[in-house]
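Hi,

Here's the structure I promised to pass on. Have a look, and then read on for what turned up in it.

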Amino acid sequence: MNELWHTFIDPNFPFLRYVFVSGILASISFGIVGSYVVTKNMVSLVGAISHSVLAGVGLALFLQHRYQIGFITPFYGALFAGILSAIIISLVSKYITGRQDAVIGAIWAVGMAIGMVFLAYTPGYVDPMSYLFGSTMLITKNEIKNLIFLDIIILAIAFVYYPQFWAYCFDEEFARVRNVPVMFLNMLLLIMSAVTVVMMMPMVGIILVLAQLSLPVLIAEQFVSRLSLLMLGSIILCMLTSTIGLMGSYKLDLPAGPVIVLTSMSIYILVYLFKLIKKTINKISP
Amino acid sequence: MTERITTSNSSTTLPKKGDTIPAVCIRDMYFTYQKEYILENVNLDIFAREFVSIIGPNGSGKTTLLKLMLGLLQPQKGNILIFGEKPERNRDRIGYVPQYFQLDMSFPATVLEVVLMGLVHKQQWLRFSASAREKARDALDIVGLGSLSKEMFCNLSGGQRQRVLIARALVSQPKILLFDEPTAHVDTVAEKNLMDLLKQISRELTVILVSHDLGVVSEYVDTVVCVNRTVQKHPTNELTGAIIRELYGSHIELVHHGFIHTQERHNHE
């Protein structure tokens, strides 16, 4: 642990600080968006968005390497693809009434297919693994700036629309009867999810991101009685698990993404078992 | 289509036609989801402070009729007016109570918060004003749950949850209250309490409820709207076995707590 600390404060080695700081920063958006997404039961929609983000990553790498368009980084490509698929999915969930589930599943896979085709056309070898499962090597100082900017936007939207989102997540039909702009909120929430997914991409990757979006919320849900506290709890838990996971991955020399996700899962199982034991004890000796 | 409204035997006085703008006015309305009409040539007037139950067999279109009144669905032909305006333009006057078991029970919210959701429309930021909270507490008092305002919504019983949703509908001070199956999934005692509460509310508001269980509601409501693709309105005291048989098919006994549902469709005409 001491060794990790020394590397962490080493002025010549800022990389490790960027990794930890980006984990903390991304957690803010994750806790907020995750709370909405989990309570609205749309984790699978976000799954489709996060996977189709690969299309944008592929496109950006292709343009960068083939045509030397430097400013289109995988981050911006991912952001573009994520927002585009969020818009498509929100239109699908409004206008396609039958077999919605299957259509969403198809978008999920098609996004990845497009990404892989672009990567195949990209000169040189690009390893898709680091985008799929995360690679802390992708984190740069520029990424930190982007994270701060996106955090501010997501925090602002989440606060301004909090009551509407809250009523919409609890009972969409009633919200419609109260003239809450449900269609708009649905699209906004999916776009926010897309942005959040892209923020965490370097850390946990677009496949593992779902777990880090939902597990902190599932853990926090065991303890809180209101949505605002659920958000706060999820933010703290997300910060905690990503920090512990990063430390673990450094110590054990394992990729960060999987270790972070397994850390969250272990905490969830522990909390669940703790509740179960408490319940059983209460039953035996009332 | 007949429209028989008698005021003589009714316990509450129904305003006569022409008195005021009807709470609900439907003219020559047709509705379909795909090809076949679910509702055909519907003409219906429901007046202010009337207590009405919409009944009909499963699949008859009664819930569809309710959703049309809420402006959640649009008719292909004809008009629906709520106090003289389209439902989606007049939602401030409409209170809606869905079936509680459709809701996500693990959603973290207290009883008071659920009631506050009835005031959400223009609300922004986190805090609701003190007057909004006051209104929500008043609405909870009306449904007799004032003492439970800090309780978690998911910890309540079925009957209590239904009452919280009634408070959520009442908090915006609507003129008309629409219910989807208020007595489904609650026990007999809770059912009776609920109907007593609705009776009391109906002195000030127009209350319309969808029910498959005529036995219970017929003791309370003034008027029954029979739906089976077409719609007919009968004062409760004129409801005879013949009308019921026509609506539900022939193997029906008029007993309390439940009809044998048949999918057979019978028209009134």
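Which side chains of B:K67 and A:E173 meet, and in what kind of link? The two side chains form a salt bridge (3.2 Å, N to O), meaning a side-chain nitrogen of Lys or Arg within 4 Å of a carboxyl oxygen of Asp or Glu. The rule finds three salt bridges across the interface of chain B and chain A.

Before going further: this is a predicted model, where local features need pLDDT of at least 70 and side-chain atom pairs count only at pLDDT 80 or more, while totals for chains, interfaces and linings use all residues. Residues are numbered from 1 along each chain as written, chains are lettered from A and ligands numbered from 1 in written order, and side-chain values use heavy atoms, without hydrogens and water.

Back to the interface: 32 residues of chain B and 25 residues of chain A take part in the contact (heavy atoms within 4.5 Å). Together the chains bury about 3000 Å², with 63% of that on carbon and sulfur atoms; buried area is the accessible area (1.4 Å probe) lost by two parts on being put together, summed over both.

Then there's B:S172. Leaving aside neighbours within four places in sequence, B:S172 is in contact with A:R178, B:D92, B:G118 and B:L119. B:S172 counts as buried because its relative accessible area is 15%, and the cut-off is under 20% (1.4 Å probe, protein chains only).

Cheers

Notes: Buried means under 20% relative accessible area, exposed over 50%, partly exposed in between (1.4 Å probe, protein chains only).
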